[in-house]
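Reader: I would like to go through the strand pairing of this model, with a reason for each term. Please show the structure to begin with.

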Amino acid sequence: MKTSHIINRVNGLLIPFLMLASILTSCTETVEFEFDTVDPELVVEAFVPESQYAEVILSKTVNINNQNTHNVVTNASVVLEDGFGTSETLYEVAPGRYRSSKIKGVPGSNYTLSVATDENISEIKSEDKMPKPVFINRLRVRKSILPEIEQIQMPEWEVIVEYTDPGNETNYYRFVEYVNGKVIASYVENDKFNNGKDNKSFLTCVDRKLTKGDTLTVEMQSISKAVYDYFYGFSTMNNIIQGTTNTNPVSNISGAKLGYFSAHTVHRRSVVIE
Amino acid sequence: MFLIHFVSLLGAQTRHTISGSVTDIENGETLGGATITIEELPGTGISSNAYGYYVLTLPEGVFTLKINYIGYKTLTYQVNNNNIRHDFKMEVQVTDLREVNVFPFKENENIVQNNIGIEKILISEIKDIPVFFGEQDIMKTVSLTPGVTSVRDGNGGLNVRGGNNSHNLVLVDEATIYHPNHLLGFFSTFNSDAIKEMTLYKATAPASYGGRISSVMDIRMKDGNNQSLEVSGGLGLISSRLAIEGPIVKDRGSFFLAGRRTYVDMLLKLTSDPDLKNNTLNFYDLNAKINYKINEKNRIFLSAYTGRDAFGIPDHFGLGWGNRAATFRWNHIWYDKLFSNTSIIYSEFDYKVDLAFEPSVISLLSGIKNYNFKHEFHYFLNENSRFTLGYDYILYNITPGQLLADENATFHPMKIQERNGRENAIYFSNEFKPSPKWIINFGIRLNTFRSFGPGIFYQYKDGVLTDSTTYKRNEVVKSYFTPERRLSITHIINPRQSLKMAYSTNSQHIHMVTTTEDVSLPVDIWIMSSKNVKPQNSDQISAGYFHNIKNDMYQFSAETYFKWMHDQTDFRNSPDVMANQHIEGELVTGNGRSYGLELMLKKKYGKLNGWIGYTLSRTELSIPGINDGNWYPARQDITNDVSVVGIYELTKYLTMSATWVYQTGNAVTFPSGKYKINDEVKYYYNIRNGNRMPDYHRLDLGVTWNFKSKRKYKSSLNFSVYNAYARKNAFSINFEEDPSDPEKTYAVMTYLFTAIPSITYNFNF
């Protein structure tokens with residue numbers, strides 16, 4: 001599964017390069033590889049969705065050849081504070097999974113997170129502000145009109161999200177795509193080139209498989225710049241064009257190298273494939 | 001030392017001067033770098049300048065001159081107490097005479113010239129080296145010499161002594177070529193039919209050159225045959241070439257015209273796939289040159305180059321990029337000892353991407369251009385001393401990015417502000433021989449770079465905008481003064497052995513930042529020195545030992561260097577690079593260093609000739625925020641690099657050749673852990689460039705069959721196999737989850753080529 005994508009607007013300008021590269025490339029094979037082993041690093045995934053309880057997932061990295069990615073961090077102290085003066089310690093609902101019972105996400109509000117674990121000495125803190133909501137006007141799915149080219153994986157389907165970008169502010173969006181309730185990809189986009197326009201965003205996951213009767217759901221989130229930068233980090237041109245410098249995305253959490261803290265809006269739409 | 005030098009000038013007695021030009025007798029091409037030695041005065045000698053002009057001052061007496069140029073018969077000429085002008089017309093060495101025992105005595109020119117860190121490649125020398133897809137390529141050949149590497153397949157960029165691609169100054173008849181690659185770097189922009197020679201300066205370039213911190217690749221186009229009309233060309237599988245040259249006025253002027261075009265897309269037309277059929281994928285090059293000798297004292301040249309790549313899928317994408325360059329030159333001989341060249345140069349590079357998006361098409365374009373005026377004097381004081389004085393003025397204009405979109409598009413058109421800069425340099429150098437055993441060349445280049453308005457100029461601190469100021473047209477925004485020093489010393493131990501050393505500093509004001517280092521895509525962004533971006537600087541010291549064995553048949557050299565590179569720019573993590581006005585805020589600055597040992601053994605003559613080159617080197621970077629600021633291997637850090645080139649003349653008609661390269665895998669970053677975000681597996685990267693790609697090696701083979709010439713008509717057939725033993729050299733290694741078991745990860749290697757055979761028919765009449 002490909003990870004998050006940048007929506008193919010201006011970044012879609014890269015597609016010709018990719019195709020050009022692919023015309024000349026194409027041969028692949030699996031190779032034996034010796035992976036490094038390093039000390040596990042803490043991963044913080046924290047989000048406050050609009051009108052929902054906040055959730056924080058704490059885990060640690062595992063070695064690449066570990067069968068199990070589930071390396072949870074339990075018994076941590078996770079404290080969340082909202083912009084209205086409410087502060088609460090999140091309750092560990094499942095190993096490594098902490099949830100609020102008072103604080104729910106509200107657009108425009110500021111949230112502060114602090115985490116303390118047994119092992120991490122440094123203070124782990126983050127702050128994020130939930131932007132104003134923007135809604136999906138229309139969600140379309142159609143067979144791709146992109147040409148088929150031998151040996152190049154092109155999206156079989158095109159998923160088009162239409163929405164109206166507010167003109168008076170800089171907006172950052174994240175789209176999470178689900179098929180039958182399961183996350184298959186996520187995308188980020190900003191309005192640098194189309195501020196205030198009626199937009200059509202093409203979700204360009206190349207390996208989504210859809211069959212008749214499947215339900216495709218897109219969740220549109222308004223996110224902060226820091227969260228945009230974080231997800232953009234998974235999908236810069238460096239990553240699109242294979243093999244160049246790989247780096248960890250820049251986290252908006254101080255004291256932790258990996259992960260993010262996002263207070264985001266939520267608007268979902270679904271279509272059933274015909 | 002200087003004192004001795006000037007004293008020797010004062011002591012000059014009655015002297016006679018002989019001057020003129022060195023040319024090929026057959027076609028009138030000027031021969032720059034031909035050596036002229038005096039038999040009666042061992043250790044003295046000079047070489048012709050880039051325009052073939054030479055001046056020799058001799059004391060009273062009768063002397064025998066020997067004129068040498070590689071691949072040509074040695075000329076002998078007697079002078080006798082006269083001030084004369086004489087043009088030497090040299091004859092090509094016929095192949096049959098390349099037998100060891102009949103080969104004439106050579107003058108060990110590589111020993112006695114002050115040329116450490118210099119590789120000169122003549123097109124005529126490399127014609128038998130195996131080729132890729134039938135295209136002879138001078139840039140590919142130069143990467144077979146020590147100190148020059150190309151990282152993996154499909155990357156046209158050359159790394160010279162640890163520098164990156166943008167640190168090379170690539171000149172065609174003095175005009176800068178900003179993106180010297182076609183088709184993702186598989187071909188260079190230099191059509192071998194149009195090129196005479198290339199000189200690569202990897203250590204200390206003469207003071208006339210400036211502007212890049214790693215190397216100068218000075219490529220000279222053919223002047224054109226001024227004796228008779230000549231047509232040459234080649235027919236290949238994916239491209240063809242044609243060149244026409246001839247006299248305008250015999251002996252005085254000639255023209256040259258060459259074209260090359262690939263037709264991969266014509267092959268696509270043959271496919272049955274309707275989607276592929278109408279795609280565009282091609283490139284072309286056009287070179288043109290005329291030169292005219294007005295009289296003995298004045299000669300003018302006009303050269304032009306244009307080349308463009310096109311790639312497109314109808315109604316979806318279009319991508320085009322290209323270079324354009326033109327040079328006007330005027331050689332003037334003021335009097336026999338004073339030669340000048342005046343050049344007016346234009347060069348440009350641009351790219352444009354079109355993307356069809358419902359309901360309209362948007363385009364992104366970007367470009368850089370410069371106008372250049374260069375005026376240079378060569379003063380030949382005597383056979384032991386030569387001066388160069390020059391002035392170089394360059395005006396730069398950069399269009400960093402412009403987005404074109406119509407009214408109803410979902411995009412707003414936008415334009416990143418253009419940037420203007422001017423570079424002024426005066427330079428001076430002197431090469432002199434304090435004794436027959438020593439050659440010293442020292443030079444200085446005083447460089448001033450100014451960036452100019454109009455526009456709003458920003459300042460950033462740690463990537464955050466702190467200040468913006470509006471400047472009017474021609475108002476100076478920022479000015480940098482960067483003096484550059486050049487020094488090279490050669491000590492001739494005996495005619496077969498010499499020691500050489502060099503020191504130089506260089507500065508660079510035009511910076512290229514790229515996100516696509518692994519494939520040579522024209523989406524590079526050019527920026528100039530500004531309030532935020534300091535000029536890049538380098539210091540390099542090098543030393544070498546040169547030894548010729550067996551009458552100059554074997555040439556051995558060992559060179560070692562240390563290079564410091566200051567104020568290197570790179571993108572911070574996850575930069576916003578597309579049409580970003582604040583691109584300078586996305587940059588981080590650090591330092592680089594490179595050091596190494598280069599060994600080369602050449603066999604110059606005989607049925608079997610070629611060379612073995614070996615480089616042991618290290619290139620490291622230190623950038624705040626990456627690997628805690630510690631030194632770490634740069635992407636182009638290649639520890640061991642071996643090149644073997646062999647050309648064997650089986651018979652008069654049949655030549656076989658082979659090249660083999662071996663490189664340590666370059667430094668890359670592979671994941672060292674994994675974790676989940678949003679239920680998707682992500683990779684954790686621990687140390688930047690802490691891993692290595694698999695080693696790269698490749699064998700290329702070639703056979704050239706020269707057909708019997710019929711009158712003037714000569715032709716040959718060349719078969720080549722690129723990557724003959726089909727080594728799967730890794731282009732990239734990616735990590736994927738096992739589809740049947742998402743918790744498991746395996747490494748997937750992509751490689752570009754297995755064995756690629758090609759055939760080309762070349763002709764000349």
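Author: This is a predicted model, in which local features need pLDDT of at least 70, side-chain atom pairs count only at pLDDT 80 or more, and totals for chains, interfaces and linings use all residues. Residues are numbered from 1 along each chain as its sequence is written, and chains are lettered from A and ligands numbered from 1 in the order in which they are written.

Reader: What joins E32(B) to E33(B), and through how many residues?

Author: A hairpin, through 2 residues.

Reader: Why are E32(B) and E33(B) called paired?

Author: Two strands pair if DSSP finds at least two bridges between them. E32 (residues 476-494) of chain B and E33 (residues 497-508) of chain B have 8 antiparallel bridges, so they count as paired. Within this pairing, Ile492(B) stands opposite Ser498(B).

Reader: Which strands form the open sheet, and which are its edge strands?

Author: The order is E3-E2-E5-E6 in chain B, with antiparallel pairing. E3 (45-47) and E6 (75-80) of chain B are the edge strands, as each pairs on one side only.

Reader: How many bridges join E5(B) to E6(B)?

Author: E5 (residues 62-68) of chain B has 6 bridges to E6(B), so these antiparallel strands also count as paired. Leu65(B) stands opposite Tyr77(B) in this pair.

Methods. Helices (H or I, at least four residues) and strands (E, at least two) are DSSP runs, numbered from the N terminus.
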